[in-house]
Amino acid sequence: MIEARHLRVLRTVAATGSFSAAARELGCTQPAVSQQMKALEASAGTPLIVRTGRETRLTEAGEVLVRHATGILAGLTAAEEEMAAIAGLRAGRVRLVSFPSGSSTLVPTALAALRAAHPGTRVSLVEAEPPASAVMLREGDCDVALAFRYGGSAAEWDDLVVRPLLVDRLVGVVPEGHRLAGASEGAGDGAGASERAGTVAIGELADEPWIAGCPRCRKQLVDACEESGFTPRIDFATDDYPAVIGLVAAGLGVAMLPELALEAVRPRGVRTLTVEPSVHREIVALTLPDLAQVPTVAATLDQLVLAAAR
């Protein structure tokens, strides 16, 4: 195994013409230079330097190694500088995957703060729902995964680093003229803002047609309804939250959506209901244990936590 420190000594010997001159240049003793040259020749398996009195000259093999040493040492120097930049967050990248409502709410705030603090850091974003996002993380297709679960087993992510972000409540969504919309608690924040009506038991929606969301949310809806004694009649299913709002506003059914999803759309023509028993989902950021030590990944996780707290 040829070591970089030996290559540096060989290059200095070749440039200065002697062991003693190389020792002065390197700030060490002549015996130390001689010892490193012997170690390098042992690794190479052939003589590299011929000593004639006080002078030295390179063998043919020595000339070849010196010629390659320049490029090798330059590459190592560049690698050291680049790694130092990454460690100091002056460079580096992080690949993020997120579910859609997280992409439009938590992610923009977190990435804007990350870029402001560390402008040399590059972030890429793709969308995927859990559990696919966790699979992407385990297979090396991303560095951080924004994910959620509904009261699932902790073993689902027991091999990952889990940074809790927030608990997101699901609310009922009904058309403005729905029998349960009732008197709203407030006029909202302006055009397009939804108004919160009262609290209802989910069983009061048993006879309604339903619009369901992503597969994981759809399963949670069915489980919540069945726990209350009925099976929901799902007429429409879509992963697109604006589409859910549009279908509800058109009077085609009711839905249950996470509050985070409502922040990401303009809920025109609908009212939201507090539904009992309450249903929540846990929003988290996931990464692998080794990746959690990478500065860009650690900084991204910290900014996601701060974004969720706002």
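The model is a predicted one, so to speak only of what it shows: local features need pLDDT of at least 70, side-chain atom pairs count only at pLDDT 80 or more, and totals for chains, interfaces and linings use all residues. Residues are numbered from 1 along each chain as its sequence is written, and side-chain values use heavy atoms, with hydrogens and water left out.

Start with the rings. Two aromatic pairs turn up in the structure; rings of Phe, Tyr and Trp (its six-membered ring) pair if their centres lie within 6.5 Å, with planes under 30 degrees apart called stacked, over 60 edge-to-face and the rest tilted. Phe99 and Phe148 have ring centres 5.0 Å apart and planes at 85°, so this pair is edge-to-face. Phe99 sits in the loop between β3 (93-98) and α5 (100-104), while Phe148 belongs to strand β5 (residues 144-149), so the pair ties together parts that are 49 residues apart in sequence. Helices (H or I, at least four residues) and strands (E, at least two) are DSSP runs, numbered from the N terminus. Phe148 also pairs with Tyr150: the centres are 5.9 Å apart and the planes at 80°, so this is edge-to-face too.

Elsewhere, Arg51 lies over the face of Phe19, 4.4 Å from the ring centre. The criterion is NZ of Lys or CZ of Arg within 6 Å of the ring centre and within 35 degrees of the ring normal.

On to the nonpolar cores, meaning sets of buried Ala, Val, Leu, Ile, Met, Phe, Trp, Tyr and Cys residues joined through side-chain atoms within 4.5 Å. The largest has 53 residues, and those with the most contacts inside it are Leu106, Val144, Leu146, Leu165, Trp210 and Met256. Strand β6 (residues 161-175) gives the most to this core, with six residues. Beyond its neighbours within four places in sequence, Met256 is in contact (heavy atoms within 4.5 Å) with residues including Leu170, Ile202, Trp210, Leu221 and Val279. Apart from this core lies another of 16 residues, among them Val9, Ala22, Ala23 and Val33.

Just after α3, Gly45 takes a positive phi of about 75°.

Finally, Leu7 is found in helix α1 and counts as buried at 4% relative accessibility. Leu7 and Ile72 are 65 residues apart in sequence and 8.8 Å apart in space, C-alpha to C-alpha. Neighbours within four places aside, Leu7 is in contact with Ile2, Leu65, Ala69, Ile72 and Leu73.

Conventions. Buried means under 20% relative accessible area, exposed over 50%, partly exposed in between (1.4 Å probe, protein chains only).
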